[in-house]
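Hi everyone, thanks for making time for this. I'd like to walk you through a protein chain, so please have the sequence and the 3D view open.

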Amino acid sequence: MNDQSAAPSTSPATGSSPDSDADRTAPEDRLVTTLHSLALPDGPLNYTATAGTVVLREEPDGEEYGRGKPYAELFSVSYVATSPGEEPRPVVFAFNGGPGASTVWLHLGLLGPRRVDSGDAGAPAAPPHRLLDNHETILRDADLVVVDAMTTGFSRPAPGQKPDRHHGLAADRDLIAAFVIDWLTRNDRWTSEVHLAGESYGTTRASAVAARLLDRYYLAVAGIVLISPVLDFGTIVFSPGNDRPYLHYLPTYAAIAHAHGKHEDRLLQDVVDEAEAFAEQEYPALLAAGLRLDPAQKQEAAARIGALIGVDPDWVERADLRVEHQAFLAELLRDEGLVTGRIDGRFTAPAGDANAARMETDPSIDQLAPSYTATINHYLRGELEFSADVVYEIMSGRVHPWSYKDFENRSVEVASDLARVLRKSPHTRVLVSHGYHDAATPFHASEHVLAQLAIPREDYSERIRVEYYEAGHMMYCHEPSRLELSTHLREFVAGADGTEDDGEARATTVAG
């Protein structure tokens, strides 16, 4: 039985329903608010959901926020609890990444009061797809705003504006920061604690937006949630002369190999520990030796790597000890005629070409996305009463090329932004969530970047909480991991001290 009930209302900002034939050359906010109740074990959680697009305007000098010319119409859904409770509640602003991904994944996968029944590796959900009540929603502890970046979801440029203006790290950062300021002002929530939650490239965005809010507006966020983070692209982008990704991906390869039975009778933690030790100690010297490496040493190293990541040592040796991730995902289960997932290495699918050097598609996205696509379109129109005359872009390639023009001749990174926020704002805390089987943003790369942040050692240990899950990039499709992550988020937003020794934290999570 569905515990939700809804009664639509029209936003006073528009004076019309979202389906009206308003003159789109003079854009207006198009918002609709519905009333809901979520049945929880400790009583009902009553809340409003406000879905729609808001018009952002720029001041004459080109700044992001003001009463001047419209330049963007951003789509969001805001959940605000109406049940009696302590005021003001914290507010979590959440977004996914890509670039080009809408926020449907965090919205319906983890944070919102309704969640998709997506299934998991080996058992993806079959149609008809359905929504469930999310009893672990972050709305229990904080109000929630999920916002879609430009050209994703229903977000579009204002009439006469070009979308590619916002297709880049700096412009996207400024747009989302302006949206946060706009939302706090419209809703009179300036005294609420503000948290940012991002996934994947959304963690790049979250770090950059947190710095922008502090540098430009003097708004210090209370918390930054980094789910499957990438803070320095040089650690994960395979390019000539850059050996860092080969080192950082190796522990993820080992974890994925473990998931597919390549390390029988061994604990995942033991395999990961061995792979990390090798990646940090022996592997860098082996790669640095290059042509100076003795053939016997190279053969021995290939055997060691092959045993760790579950592939033929001869294949590793032919790859010059450098295993690229899409090549690995095509090779791991080649003898079974399968390719392995990038977003989540626990997923598999039949290989279209058994001799392909690279994976042709990502089974994890292919098997999860249909349930999200069906349910978000049903949910927005059916339960939240909002519709639009454009496609809801779950994933959009139209954001490319994505501009990194501020990073010419150097790696794209926001670790310096995150460090600056932590240095300038003594009360900001960080929660980092890693999936062991995530071959998109490997956990070891994130560990390395966090350990190199330009912050005091005590801030690293006391203000950054790191958690691990036996799943992939979207670890919330794995039910035990979803429950764990939801608990960690609730503790984090409530200010509970979850920091502890890194190894102890990881061991506890994996054992669970």
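Let me begin with a question: is Glu282 buried, partly exposed or exposed? Glu282 counts as partly exposed, because its relative accessibility is 38%. Before I say who its partner is, please keep in mind that this is a predicted model.

Now the overall picture. The protein chain has 15 helices and 17 strands. Of its 512 residues, 58% are buried. If you take the contacts between residues at least 6 apart in sequence, 72% of them join residues at least 24 apart.

Back to Glu282, then. Glu282 forms a salt bridge with Arg304, and the closest N and O atoms are 3.2 Å apart. Glu282 sits in helix α6 (residues 282-289) and Arg304 in helix α7 (residues 295-309), so this pair ties together parts that are 22 residues apart in sequence. Arg304 is partly exposed too, with a relative accessible area of 29%.

Helix α7 takes part in another pair. The side chains of Lys298 and Asp320 meet in a salt bridge, at 2.8 Å from N to O. Here again distant parts of the chain are linked: Lys298 is in helix α7, while Asp320 is in the loop between α8 (313-318) and α9 (325-331), 22 residues away. Lys298 is partly exposed at 23% relative accessible area, and Asp320 is partly exposed at 36%.

Asp320 has something else to show in its backbone. Most residues other than glycine have a negative phi, and most peptide bonds are trans. Phi of Asp320, however, is positive, near 60°. Glu385 also has a positive phi, near 65°. You'll find Glu385 in the loop between α10 and α11, and it is partly exposed, with a relative accessible area of 33%.

And which peptide bonds are cis? One of them runs from Pro127 to Pro128, with omega near 0°. Pro128 lies in the loop between β8 (123-124) and β9 (131-133). Another cis bond goes from His400 to Pro401, with omega near 5°. Pro401 is in the loop between α10 (363-383) and α11 (415-424).

How many salt bridges does a search of the whole structure find? The search finds 33. Among them is the pair of Glu413 and Arg410, at 3.8 Å from N to O. The two partners are worth a look: Glu413 is buried, with a relative accessible area of 18%, whereas Arg410 is partly exposed at 47%. There is also a network of salt bridges that links Asp215, Asp417, Arg420 and Lys424.

The largest nonpolar core has 101 residues, and Phe93, Leu196 and Leu213 have the most contacts inside it. Helix α2 gives the most to this core, with 10 residues. Leaving out residues up to four places away in sequence, Leu213 touches Ala177, Val180, Ile181, Leu196, Tyr218, Leu219 and Val221. Apart from this core lies another one of 55 residues, including Ala197, Leu368, Tyr469 and Tyr476.

How do α2 and α3 sit against each other? The axes of helix α2 (residues 169-186) and helix α3 (residues 201-217) come within 8 Å and cross at roughly 65°. The crossing is right-handed. Among the residues that meet there are Ile176, Ala177 and Val180 from α2, and Ala208, Val209 and Leu213 from α3. The contact is made up of 11 nonpolar residues, one polar and five charged.

Let me finish with a couple of buried residues. Val225 is in strand β13 (residues 223-227), and it counts as buried because its relative accessibility is 4%. Setting aside neighbours within four places in sequence, Val225 is in contact with Leu196, Ala197, Gly198, Leu431, Leu489 and Phe492. Its C-alpha atom is separated by 7.6 Å from that of Thr203, 22 residues away along the chain.

Lastly, His263. Its place is in the loop between α4 (244-259) and α5 (268-280), yet His263 is buried, with a relative accessible area of 8%. What does His263 touch, not counting residues up to four places away in sequence? The list is Ala254, Ala257, His258, Val271, Ala307 and Leu308.

That's my tour, and I'm happy to go back to any part of it.

How values were computed:
Residues are numbered from 1 along each chain as its sequence is written. This is a predicted model: local features need pLDDT of at least 70, side-chain atom pairs count only at pLDDT 80 or more; totals for chains, interfaces and linings use all residues. Side-chain values use heavy atoms; hydrogens and water are left out. Axes are lines fitted to C-alpha atoms, for helices over the stretch in contact, and angles run from 0 to 180 degrees between N-to-C directions. Helices (H or I, at least four residues) and strands (E, at least two) are DSSP runs, numbered from the N terminus. A crossing is left-handed if the near helix is turned anticlockwise from the far one by less than a right angle, and right-handed if clockwise. Contact means heavy atoms within 4.5 Å. Ala, Val, Leu, Ile, Met, Phe, Trp, Tyr, Cys and Pro count as nonpolar, Asp, Glu, Lys and Arg as charged, and the others, Gly among them, as polar. Buried means under 20% relative accessible area, exposed over 50%, partly exposed in between (1.4 Å probe, protein chains only). A salt bridge is a side-chain nitrogen of Lys or Arg within 4 Å of a carboxyl oxygen of Asp or Glu. A nonpolar core is a set of buried Ala, Val, Leu, Ile, Met, Phe, Trp, Tyr and Cys residues joined through side-chain atoms within 4.5 Å.
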